[in-house]
Amino acid sequence: MLKQLKIFDTLIEPGKSYRLNFNMAKLYTSTSIEVPVIVERSKKAGPVVLITGGIHGDEINGIEVVRQLIAKKINKPIIGTVIAIPVLNVFGFLSGTREFPDGRDLNRVFPGTKSGALASRFAYQVTKEILPQVDIILDFHTGGAQRFNAPHLRVSQLETKSWDLAQVFNAPFLVNGSNVKKTLRATCADLGKTYLLFEGGMSNRSDKHIVATAVNGAIRVLDHLKMLDATIEVKTPKKESVVITKSKWIRANYSGLLHPKVPCGKKVEKDEFIATITDPYGEFRYQVKAPHAGYVINVNFSPLVYQGDAIFHISKNDD
C-alpha cells in the first residue's frame, strides 16, 4: 500500500505531477516571491528523492543540473517520488548573491526556527514540511566567491548509506568530510536521511562539463534505485572516484596578483610549480610550489589575493 505523501497541505496523489509554490515572504514592493517545488509521483511505491540546487543564489551550476533533470524528464520516476527544487534561494538568485535578503547564509541556519530571521524561517519550513517526507537528498553546489571546485562529492565515511550511494554516483573525486553545524547536510544527517552533496565549478558561472558530470551521477543514482525509465541512457564512468580522506589549504605567502598555473583536478607532485604571485609594477615575482603531492581539488581564480588567502586545496592521501 502506498503511504500518504503531503507537502504544504497538498496531498500528493500517485501517478500525478505537481508544481507547488512555496510562498515565504514578499519583497519591499509587496511582490510575492515563490519557490517552485516540482513533484513527480509514480503509481508504484518506492523511495522519495529530493533534488535541490541554488541554496546559495549565485551557484548557477547546481540550478542548471536540476533544470536539466526536469527538462529531460529524468525526474519522472517509474517507482517512488522525485521532488525537485531548482532554486532554493530565489531571493539570492534574483540578486546574484549567496545570501538571503537578511544577509544570512541559508546553509548556516538549519534546521531553522519558526519565529526567527527570514532565512531561519525558510529553513524551518523546509525542515518541517519537506524533509520528513523524503528518504534521499541530492544537493548540488559550486565553489564560493572565485574558487573553482573540481567535481566531487563531500560525504562522511561514518554515514555508511550515504557513502555507499556516493560510490554509485561516481563523481571524479569523493571527499571524506565531517558535517558542518547548521547546514542542510547536518540536519539531514540528524534526521537519518541519506544525503549526497555535490560540489563543482564556481559561483556565477555555468560550466557544461561540471553540469554533465553531476547530471550523469544523478542518473546513475536513480537507475540504482530502479526509479529510472528504461529509455534514459545511463553512462558508465571510465574509472572509480578518487577517494580523498585528507587535504590541506595552501595559503598565499604574499599579497599581489595571483596567476594559477595548474588546472583544477590535476595530480601535482611535491615542489611542482603551481602559481605565481606578482606585484602590479613588474618588480616582484614569487613562485608558489606544491608543499606535497596530491590532487588539486580547489583553485582560487581571484586575480588579487592578500597574504594568508586560501589559493589551492590539495589532497594529502595516496592514490
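**Strand 7 and its surroundings**

Strand 7 pairs with strand 10 (residues 194–202) in the parallel sense over seven bridges. Two strands count as paired if DSSP finds at least two bridges between them. Helices (H or I, at least four residues) and strands (E, at least two) are DSSP runs, numbered from the N terminus. The model is predicted: local features need pLDDT of at least 70, side-chain atom pairs count only at pLDDT 80 or more, and totals for chains, interfaces and linings use all residues. Residues are numbered from 1 along each chain as its sequence is written, and side-chain values use heavy atoms, with hydrogens and water left out.

Within the pairing with strand 10, Ile-137 has Tyr-195 as its bridge partner. Strand 7 also pairs with strand 5 (residues 48–53), in the parallel sense and over five bridges. Here Gly-53 is bridged to Phe-140 of strand 7. Eight of the eight residues of strand 7 (residues 136–143) are buried, so the strand is largely enclosed by the rest of the structure. Buried means under 20% relative accessible area, exposed over 50%, and partly exposed in between (1.4 Å probe, protein chains only).

Thr-142 belongs to strand 7. Its relative accessibility is 2%, which counts as buried. The Thr-142 side chain reaches the backbone nitrogen of Ser-203 at 3.4 Å. Beyond its neighbours within four places in sequence, Thr-142 has contacts (heavy atoms within 4.5 Å) that include Glu-59, Asn-149 and Glu-199.

Pro-237 sits in the loop between helix 6 (208–224) and strand 11 (242–244). Pro-237 is partly exposed, at 31% relative accessible area. Leaving aside neighbours within four places in sequence, Pro-237 contacts Asn-170 and Arg-220.

Conventions: Polar contact = N/O pair within 3.5 Å; in protein donor to acceptor, adjacent residues only side chain to side chain.
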